[in-house]
Amino acid sequence: MTAVETVVETAVPAVPARGLRTPALARQLVVLTRPGHAVKNLLAVPLALLDTPLWSASAVLRTGWAVLVFTVAASTIYVVNDIVDRRLDRTHPVKRYRPVAAGLVPVPLAWLLAVGLAGLLLGMVLLGPALSWWPLVGYLGLSIAYSRWLKHLPMLDICVVAAGFVLRVLQGYAATGAAPSGLLLTAVFAGCLVLILGKRRHELATAGTAHRPALAGYNVLLADHLLGLNTALASTTFLLYLNTDAPLGPWRPATLAVVVPLGLLAAFRYLQAVLVRQSGGDPIRALLRDRMIVASAVLITTTLTLAELGARYPALLTWMDR
């Protein structure tokens, strides 16, 4: 136990496990796996389809399987993290209500859930489509190292979390067989840093540093500078990707004309949410609750899909025009 955890353990007594009825306990076990965070895998893993030369049912199914496998892997890590961090979580105004920290799920039962999820993950890898799973292995190893050591190292902690999303995208590439785009991976890395920094800034402003020792290496001013730097980097590299690597064919100019302003609008709205409305504590919730961001994302996705369909299957759009 670290010195910080010792202080927390003394200052915040452990919450005794409560006698919950089976349906209520089952709900808490589901909450422990954070099903709402599955959207991260749903958004990140299929990005590789942008660089797939030909879309096929096989490629889409393999990508979908990779999303499911990564979702189970992430849930396993979430459960383990909540067990390990339960003492520190009790010092946070929101995390203190997580099932293990709040005593709603006993620690032995939480470990049993983690082992069950790990077994399910192994079965999915062995019995599913024959894919190269090295990004998944890298994600699990990096996540364990993060939970044990790396989360306490300022700057490295946010880079490790962002690298986890790059590994998700690389798993998508492994599923489709497409060649990875360095520009797209850089855009994903920088974009994830924006979301993570928004969360860290919110934690600094509202909860202090007790629950996350690495926050002692940050302040609000540094977070603001890093937010601006990484927003610019993510926007620039994604623009360069669309202008060079993305297989858009003759639809490239029209795609850029639609995606660039909408993408900047979404970035501006997220920065507004973090810097003005102070609502960056949960990046996914901040994104999904902003109607302009959601509308922009839908329009961007639709535009990219139509442009790539037109570039890959020109006869399809010709048939639709008849």
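Biologist: Where is the place of Glu 308?

Modeller: Glu 308 sits in helix H13, residues 291-312; helices here are DSSP runs (H or I, at least four residues), numbered from the N terminus. Please keep in mind that this is a predicted model, where local features need pLDDT of at least 70, side-chain atom pairs count only at pLDDT 80 or more, and totals for chains, interfaces and linings use all residues. Residues are numbered from 1 along each chain as its sequence is written, and side-chain values use heavy atoms, leaving out hydrogens and water.

Biologist: Why is Glu 308 called buried?

Modeller: Its relative accessible area is 1%. Buried means under 20%, exposed over 50%, and partly exposed in between (1.4 Å probe, protein chains only), so Glu 308 counts as buried.

Biologist: Which residues is Glu 308 in contact with, leaving aside neighbours within four places in sequence?

Modeller: They are Leu 49, Leu 50, Trp 55, Pro 247 and Leu 248, where contact means heavy atoms within 4.5 Å.

Biologist: Is Cys 159 buried or partly exposed, and what about Cys 192?

Modeller: Cys 159 has a relative accessible area of 30%, so Cys 159 is partly exposed. Cys 192 has 12% and is therefore buried.

Biologist: How many disulfides are there?

Modeller: The count is zero, with a disulfide taken as a pair of cysteine sulfur atoms within 2.5 Å.

Biologist: What makes H8 oblique to H9?

Modeller: Helix H8 (residues 156-176) and helix H9 (residues 182-206) pack at about 140 degrees, with axes 8 Å apart. Axes are lines fitted to C-alpha atoms, for helices over the stretch in contact, and angles run from 0 to 180 degrees between N-to-C directions. Under 35 degrees is roughly parallel, over 145 roughly antiparallel, 65 to 115 roughly perpendicular, and the rest oblique. That is why H8 is oblique to H9. The residues of their contact divide into 18 nonpolar, no polar and two charged. Here Ala, Val, Leu, Ile, Met, Phe, Trp, Tyr, Cys and Pro count as nonpolar, Asp, Glu, Lys and Arg as charged, and the others, Gly among them, as polar.

Biologist: And why are H10 and H11 called roughly antiparallel?

Modeller: The axes of helix H10 (residues 220-243) and helix H11 (residues 252-275) cross at roughly 165 degrees and come within 10 Å. H10 and H11 are therefore roughly antiparallel to each other. By class, their contact has twelve nonpolar, three polar and two charged residues.

How values were computed: Helices (H or I, at least four residues) and strands (E, at least two) are DSSP runs, numbered from the N terminus.
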